[in-house]
Amino acid sequence: MSESYSQTIMITDNGPFVTSLTLAMPGPVKADQLESRYFHVREALYDYQGRAFKRPKSFFAPGEMILCQADRIVTDLYPSDRKGKRLEEGQFVTLDLAYGPIYPASGALTFEWGTVNTHEYFADCRFTVTLKESLNENCPQGLVFDHCTQVYKPQLAVWNESVSSYRPQPLRYMYYVPQMPSRTKRPLVVWLHGAGEGGQETEITISGNKVVALAEEPIQRKLGGAYILAPQCPTMWMDDGSGRYGLSGRSIYVQALMACINEFVQNNSYGIDTDRIYLGGDSNGGFMTMRMIIDYPDTFAAAFPMCEALYDNTITDADIEKIKNIPIWFTHSKDDPVVKPADTVIPTYQRLKDAGAANVHFTFWNGIYDLHGTFKNADGSPYRYVGHFAWVPVLNDDDRLDLDGKPVMAEGREVTLWDWMGLQNKA
């Protein structure tokens, strides 16, 4: 007989993972009746077209594909309610699972490998959980749980989805309205996704990377509560009309993006402080961050491009003059294999400093590591991400050093990127 289960997806520094399953048991179960060896958990990923999903074995071996099917390791288990809240006795059993980049089948994304876009989508994660030992008279050996009734994404519960009304090119977007009480208007953070998070599934704009962190307490507190807007483009921000990653420095989405931002500000005019609109994004979104502050230098109070891909040879001296007084905090890694810093951020930063930019900073990481103990290698050492992942320290608020290796200072104290951001105001 087929039994049902639900799954919980959490958004992490390495994207979304199914972190636990909650099984609907035929009868109540007590904590002392449970042992992890009683449950066999098998997972298989399928894409949005229902095909078994294969992914590259590693970032550096895109031609070597592996099938995303594997046994999952149970790290903890306990009686619970239907949403996984731990109980001493319950009608449900929750299985916490090992997850992370060293478990390649544990991710909850599929990708359009082999296309110019390589867009991401939430995977159809199918589990088969087999009970190998009887728990009690109501839960006999051989029960199979293979019918998923619910997928919970708790970090997305506070976010909303909409679409702009700009007729030539409407853009879908995710947004967050601050929950902290305030008698004053709030800043707006505009997040521009990377190339993979474009496409048709709007939730990916805040889930492909841990953008949900912008709505969580640490960053919200430093900003005094902030609106978050995360627009999505159908192809990639670097699309200059060719449908590909153009090298011209132009984008067909400039006007559509500005219309989306303006409309969101107008719809929330009672709450948004237009002197505190902060713009940032990673990779393709870093490109678009630079493009937008050059084209609309009077709109944004500060910018925070990460692994930005606007090639310096497309930026004129007049462009540098237009943006030299905009507060900017760049983030990049020296070992980025995708966007070479020597072609983008290094010369642009130097040109800004040479032009007299006084509030421009650059955190240049030697490599991108897990600094918070979330993911580790098999030997227990901190997990090292691909050097392109410069958004990881930004979304964890780990940026604090300038290019000279000294702490960034503001108002007489050392600040992190988000401390600094909260101080920026055009007024």
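Analyst: Tyr-103 is partly exposed, because its relative accessible area is 32%, and buried means under 20%, exposed over 50%, and partly exposed in between (1.4 Å probe, protein chains only). This is a predicted model, in which local features need pLDDT of at least 70 and side-chain atom pairs count only at pLDDT 80 or more, while totals for chains, interfaces and linings use all residues. Residues are numbered from 1 along each chain as its sequence is written, and side-chain values use heavy atoms, with hydrogens and water left out.

User: Where is Tyr-103 found, and what does Tyr-103 touch?

Analyst: Tyr-103 sits in the loop between strand E8 (89-97) and strand E9 (109-111). Helices (H or I, at least four residues) and strands (E, at least two) are DSSP runs, numbered from the N terminus. Not counting residues up to four places away in sequence, Tyr-103 touches Ile-73 and Ala-98; contact means heavy atoms within 4.5 Å.

User: What makes the nonpolar surface patch?

Analyst: Ile-73, Ile-102 and Tyr-103 make a patch of about 250 Å². Patches consist of residues with over 30% relative accessible area and no salt bridge; like charges are joined within 9 Å, and nonpolar side chains (Val, Leu, Ile, Met, Phe, Trp, Tyr) within 5 Å. Accessible areas come from the Shrake-Rupley method with a 1.4 Å probe, and for residues only the protein chains shown count as cover.

User: How do you know whether the radius of gyration agrees with a compact globule?

Analyst: The rule for a globule is 2.2 Å times the number of residues to the power 0.38, and the radius of gyration is taken over C-alpha atoms. For 427 residues a compact globule would have a radius near 22 Å; the protein has 23 Å, which agrees. Of the 427 residues, 55% count as buried. The protein has 8 helices and 22 strands.

User: Why is the pair of Asp-76 and Arg-86 called a salt bridge?

Analyst: A salt bridge is a side-chain nitrogen of Lys or Arg within 4 Å of a carboxyl oxygen of Asp or Glu. The side chains of Asp-76 and Arg-86 meet at 2.7 Å, N to O. Asp-76 lies in strand E7 (residues 74-80) and Arg-86 in the loop between E7 and E8, so the pair ties together parts 10 residues apart in sequence. The structure holds 17 salt bridges.

User: Which salt bridge does Asp-397 form, and is Asp-397 buried or exposed?

Analyst: Asp-397 pairs with Lys-222 in a salt bridge, with the closest N and O atoms 2.7 Å apart. The pair links distant parts of the chain, 175 residues apart: Asp-397 in the loop between helix H7 (391-395) and strand E21 (409-410), and Lys-222 in helix H2 (residues 217-223). Asp-397 is buried because its relative accessible area is 10%, whereas Lys-222, at 26%, counts as partly exposed. Lys-222, Asp-397 and Asp-419 are linked in a network of salt bridges.
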